[in-house]
Amino acid sequence: MGNNAVEINNVSMCFNLQTEKIDSLKEYFIKLVKGKIHYKEFWALSEVSISIKQGEVFGLVGFNGAGKSTLLKIIAGVLKPTKGQVKINGSIAPLIELGAGFDMELSARDNIYLNGAVLGYGRSFISEKFDEIVEFAEIGDFIDVPLKNYSSGMIARIAFSISTVVEPNILIVDEILSVGDIRFQDKCNKRIKSMISNGVTVILVSHSAGQVEALCDRVAFLEKGKLIQVGQTKDVLALYENSI
């Protein structure tokens with residue numbers, strides 16, 4: 001892979017969309033048995049190839065439905081592409097769908113261990129980092145309260161704190177810089193900028209052109225699943241903004 005952190009080779013992703021409305025589970029099973037459920041193929045990504053260098057801050061821009069989040073999930077290993085492959089060089093911390101692996105009936109304490117395990121951390125490691133996670137997330141008084149009583153912002157704070165407790169080789173950020181209140185967003189931004197200055201490869205999806213321009217070395221512009229352009233941030237953003 002040379003000096004590349006991520007290599008995306010001819011990646012395509014197809015989803016089957018159900019075309020007719022089914023009102024009940026019973027109706028669904030009857031149609032399923034009779035082979036009468038019709039699907040339409042939707043290609044969220046089509047033959048996308050991108051190489052992302054080690055230590056680079058790389059942005060993905062595009063309108064809603066362009067395939068940005070799908071591509072991030074494929075890089076993170078959450079989705080398997082229909083065609084093509086992704087090669088990863090190093091450890092990944094995916095800040096996408098924060099808190100997706102949490103159990104809302106369990107306390108924050110239990111969920112820190114649960115989510116840590118999902119990210120591949122052992123129990124002893126989480127115990128060692130536990131106070132640091134709780135302190136960053138600012139949930140000390142609520143540590144033994146079930147997550148169902150938390151706000152979505154507080155849940156995202158815990159997830160962000162767990163995901164970034166160890167500096168990864170590659171950080172994937174999907175619009176989560178809107179976590180919690182303004183002060184906590186600033187705290188998250190500082191942690192991400194610290195990682196950038198330490199040479200962590202960052203892949204960022206953001207609808208804020210200003211944020212992309214301030215942080216990214218290069219940018220890819222996606223439109224309806226196709227790669228339109230990859231290049232220097234200023235050039236690609238100009239093309240993207242002219243197509244709005």
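**View 1. Glu-56 and its contact with the backbone of Lys-53.** In this predicted model, the side chain of Glu-56 reaches the backbone nitrogen of Lys-53 at 2.9 Å. Glu-56 is located in the loop between strand S2 (39-53) and S3. Its relative accessibility is 5% and therefore under the 20% limit, so Glu-56 counts as buried. Leaving aside residues up to four places away in sequence, Glu-56 touches Val-200, Thr-201, Val-202, Asp-217 and Arg-218.

**View 2. Arg-218 and its polar contact with Glu-56.** The side chains of Arg-218 and Glu-56 make a polar contact at 2.5 Å. Arg-218 belongs to strand S8, which comprises residues 218-223. With a relative accessible area of 14%, Arg-218 is likewise buried. When residues up to four places away in sequence are not counted, the residues touched by Arg-218 include Ser-51, Ile-52, Lys-53, Val-57, Phe-58 and Gly-59, and also Val-230, Gly-231, Gln-232 and Thr-233.

**View 3. The open sheet of six strands.** The strands follow the order S5-S6-S7-S3-S8-S9, and their pairing is mixed. Strand S5 (92-95) and strand S9 (226-232) stand at the edges; each has a single partner strand, so one side of each lacks a neighbour in the sheet. From one strand to the next, the twist averages 15°.

**View 4. Pairing of strands S6 and S7.** Strand S6 (residues 170-174) pairs with strand S7 (residues 201-205) in the parallel sense, over five bridges. Within this pair, Asp-174 stands opposite Val-205 in S7.

**View 5. Helices H2 and H8 on the sheet.** Helix H2 (residues 68-76) packs on the sheet and touches strand S3 (57-61), S5, S6, S7 and S8. The direction of H2 makes about 150° with that of S6. Helix H8 (residues 233-242) also packs on the sheet, where it touches S3, S8 and S9. The direction of H8 makes about 140° with that of S9.

**View 6. Helix H5 and its surroundings.** Helix H5 (residues 152-163) consists of twelve residues and reaches 16 Å from its first C-alpha to its last, close to the 16 Å expected at 1.5 Å a residue. H5 is mostly covered, with eleven of its twelve residues buried. Among the buried residues are Gly-153, Met-154, Arg-157, Phe-160 and Ser-163.

Key
Residues are numbered from 1 along each chain as its sequence is written. This is a predicted model: local features need pLDDT of at least 70, side-chain atom pairs count only at pLDDT 80 or more; totals for chains, interfaces and linings use all residues. Side-chain values use heavy atoms; hydrogens and water are left out. Helices (H or I, at least four residues) and strands (E, at least two) are DSSP runs, numbered from the N terminus. Buried means under 20% relative accessible area, exposed over 50%, partly exposed in between (1.4 Å probe, protein chains only). A polar contact is a pair of N or O atoms within 3.5 Å; within protein, one must be able to donate a hydrogen and the other to accept it, and residues adjacent in sequence count only if both atoms are side-chain atoms. Contact means heavy atoms within 4.5 Å. Two strands pair if DSSP finds at least two bridges between them. Axes are lines fitted to C-alpha atoms, for helices over the stretch in contact, and angles run from 0 to 180 degrees between N-to-C directions. The expected span of a helix is 1.5 Å times one less than its number of residues.
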